[in-house]
Amino acid sequence: MTITQLKYVLAVAEHKNFTTASEHCFVTQPTLSMQIHKLEEQLGIQIFNRNKKPIELTEVGKKIVAQAKTIVNESSRITDIVEQEKGYIGGEFKLGIIPTIMPSLLPLFLKNFNKKFPKVELVIYELTTSEIVQKLSDGHLDAAIAATPLLNDNIVESPIYYEPFIGLVNKNHRLYNQKNLHPGDLDIEDLLLLEDGHCFKESVLNICSSLGHKHKKKFALQSGSFDTLIKLTKEGLGMTLLPYLHSLDLREDDKLLIREFEKPYPAREVSMIYHKSGLKLQIINALKDEISGILRGVIAFSNVDIISPLKLKK
């Protein structure tokens, strides 16, 4: 039994096709098939049911795949231990970032990080929280930046910063003349929200539900981007909430529409997250330190009330 054979098994289990798996492993399909067949002969069992389309794992195959993930991951840890001992910070690093964080955060740290750690090859993906958790579990991401807490026992959460929610209020809106907002001022009937699938939307709804808004109505307007919500707000179609960093790029006249909340500021916790068996901790820590160092001079809020990014049960 070899690590390479186990990697081939994991590839077929993921892609449910020998040809596709061989392409992802950069080997010919006959080579991959032969190695898996040899492993099955050695073990005296069938890992895959080849009569099914797409290919399925047998019951014992499911157990073997679960163990293979652990073995392959642990084998990579040897290289990781050596690199940490040498103080080496380099190599490919796959980082996921949720859509409501990526546009405002990435420009703040990417250039400096690349300059400071030129041997690190960052591969960055914009993914939803659910996609990130799945890819961390499957070993397709090294780490991610997302809103927390996620309450997942397999995910390590290391907070980087706390980002307050701010209101954006049109001049004709009932709250425009208010200096500061209170969560109790919010009316879910005139809140413009991101579409389903964004944890930022759930956080906003949680601000409302925590203050007694029990009967959530269906919203007439939802969008996939903050830019659209900003335009709709300026057109007088309601108000919206934004993450603080996103407000920094607003035009000066649009910043006049910003209303901060009273203390404690409702805020989201933004963390570096990775699987509990994660590797490349030296790069994870370097990323976290770089982002934290930059944001200390950008976000001055400390008296915050953390709002969950999860959909709360009624």
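A cavity is a set of points, on a 1 Å grid over the protein atoms alone, where a 1.4 Å probe fits but cannot get out. About 40 Å³ of space lies in the largest cavity of this structure, a volume being the space filled by probe spheres set on the points, with grid points joined across faces, edges and corners. This is a predicted model, in which local features need pLDDT of at least 70 and side-chain atom pairs count only at pLDDT 80 or more, while totals for chains, interfaces and linings use all residues. Residues are numbered from 1 along each chain as its sequence is written, and side-chain values use heavy atoms, with hydrogens and water left out.

**Cavity**
- The structure holds 1 cavity of 30 Å³ or more.
- Lining residues (an atom within 4 Å of a point) of the largest cavity are Leu192, Leu193, Leu194, Phe200, Lys201, Val204, Leu229, Thr240 and Leu241.
- Two or more of these residues come from each of β7 (191–194), α7 (199–209) and β9 (239–243); helices (H or I, at least four residues) and strands (E, at least two) are DSSP runs, numbered from the N terminus.
- By type, the cavity lining has 7 nonpolar, 1 polar and 1 charged residue. Ala, Val, Leu, Ile, Met, Phe, Trp, Tyr, Cys and Pro count as nonpolar, Asp, Glu, Lys and Arg as charged, and the others, Gly among them, as polar.

**Pockets**
- A pocket is an open set with protein on both sides within 12 Å along at least five of seven lines; the largest pocket holds about 1,400 Å³ of space.
- Its lining has 35 residues, with Leu10, Val72, Asp138, Gly139 and His140 nearest the centre.
- Helix α4 gives the largest share of that lining, 9 residues, and the lining divides into 11 nonpolar, 14 polar and 10 charged.
- The second largest pocket has about 260 Å³ of space; 15 residues line this pocket, and Thr129, Ser130, Gly197, Cys199 and Pro309 are the closest to its centre.
- Both α6 and α7 supply at least two residues of the lining of the second largest pocket.

**Helix α2**
- Phe18, Ala21 and Ser22 of α2 (residues 18–25) are buried, that is, under 20% relative accessible area with a 1.4 Å probe, protein chains only.
- These buried residues fall within an arc of 100 degrees seen down the axis of α2, so they line one face of the helix; the arc is that of the directions from the helix axis to the C-beta atoms.
- The buried residues of α2 pack against α1 (3–15), α3 (29–43) and β1 (48–49), where contact means heavy atoms within 4.5 Å.
- Just after α2, Phe26 has a positive phi of about 60 degrees.

Methods:
Buried means under 20% relative accessible area, exposed over 50%, partly exposed in between (1.4 Å probe, protein chains only).
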